[in-house]
Amino acid sequence: MSQHTSALLIINGKGAGNEDVRLAVQKLRDEGQTLHVRVTWEQGDAARYVKEACQLGVATLIAGGGDGTINEVAAALTALPAGSRPALGILPLGTANDFAVACNIPLIPEQALLLATKGRAVPIDLAKVNDERYFINMATGGFGTRITTETPEKLKAVLGGVSYFIHGLLRMDTLKADRCEIRGPDFQWSGDALVIGIGNGKQAGGGQQLCPDALINDGLLQLRLLIADELLPALVASLVNDEENKNVVSAALPWLEINAPHENHL
């Protein structure tokens with residue numbers, strides 16, 4: 001990217017008052033960088049600002065927030081014609097910042113904005129679910145999804161990514177497997193899964209590398225299933241130490257289908 005290409009920062013409302021972000025934005029502007037800033041307030045704001053970025057002709061669109069904000073902005077970018085689509089930059093401001101951490105994006109606002117505006121853009125993959133929804137990092141099912149969605153906001157604000165792990169320990173009484181059938185090219189599995197991870201990125205849930213072999217630019221998704229009844233300590237140890245474990249099923253697939261007798265939230 002050139003020295004003074006224009007950019008638009010879409011920042012989650014929770015991070016709008018971050019003094020380090022304000023100082024970093026001002027420093028870039030003082031150096032001659034054209035940097036528009038828009039703050040989201042409600043559902044749909046990100047998509048509207050993405051359209052505005054296209055109208056402004058910016059070279060880079062920066063998603064400022066957590067994994068949810070990044071995913072929303074990335075999904076909205078897919079609606080734009082490829083020829084007029086800005087590059088995606090990331091300013092990590094979330095609880096765990098799983099996607100940014102796995103991609104080695106700096107967590108310090110000044111460094112992250114510098115990378116977003118001055119760095120070299122490279123193509124990455126984006127996964128699509130049921131021809132309707134996109135995800136840039138990971139889709140999870142089973143116990144992991146319940147923990148991620150149920151962890152209180154106040155706990156996340158105080159403890160950050162470790163809050164997911166703590167909340168998971170508190171909810172071990174709800175631990176149960178979900179029956180499903182999964183198939184893809186040269187792959188088929190059926191049984192009871194405690195946790196389903198479909199990774200474009202490597203980690204989720206506050207730093208847990210559920211799909212450690214996933215790459216964001218190889219055209220594949222890493223499927224990882226945790227199928228044991230003993231989630232602790234055997235499965236956690238296998239995730240942390242990357243050891244072989246008969247209770248972990250893994251595959252790299254360009255696409256996959258999941259069928260379940262009941263609704264399984266991803």
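**View 1. T69 sits in helix α3 of this predicted model.** Helices are DSSP runs of H or I with at least four residues, strands are runs of E with at least two, and both are numbered from the N terminus. T69 is buried, its relative accessible area being 11%, where buried means under 20% with a 1.4 Å probe and protein chains only. Apart from neighbours within four places in sequence, T69 is in contact (heavy atoms within 4.5 Å) with N12, A63 and G64.

**View 2. The second largest pocket has a volume of about 780 Å³.** A pocket is an open set of points on a 1 Å grid over the protein atoms alone, where a 1.4 Å probe fits, with protein on both sides within 12 Å along at least five of seven lines; its volume is the space filled by probe spheres set on the points, which are joined across faces, edges and corners. Two or more lining residues come from each of α3 (67-77), β4 (87-92) and α5 (109-118), and β4 gives the most, with 4 residues.

**View 3. The lining of the second largest pocket comprises 27 residues.** Lining residues have an atom within 4 Å of a point, and L88, G89, A121, V122 and I124 lie nearest the pocket centre.

**Notes to the views.** Residues are numbered from 1 along each chain as its sequence is written, and side-chain values use heavy atoms, with hydrogens and water left out. As the model is predicted, local features need pLDDT of at least 70 and side-chain atom pairs count only at pLDDT 80 or more, while totals for chains, interfaces and linings use all residues.

Note on methods:
Buried < 20%, exposed > 50% of the residue type's maximum accessible area, 1.4 Å probe, protein only.
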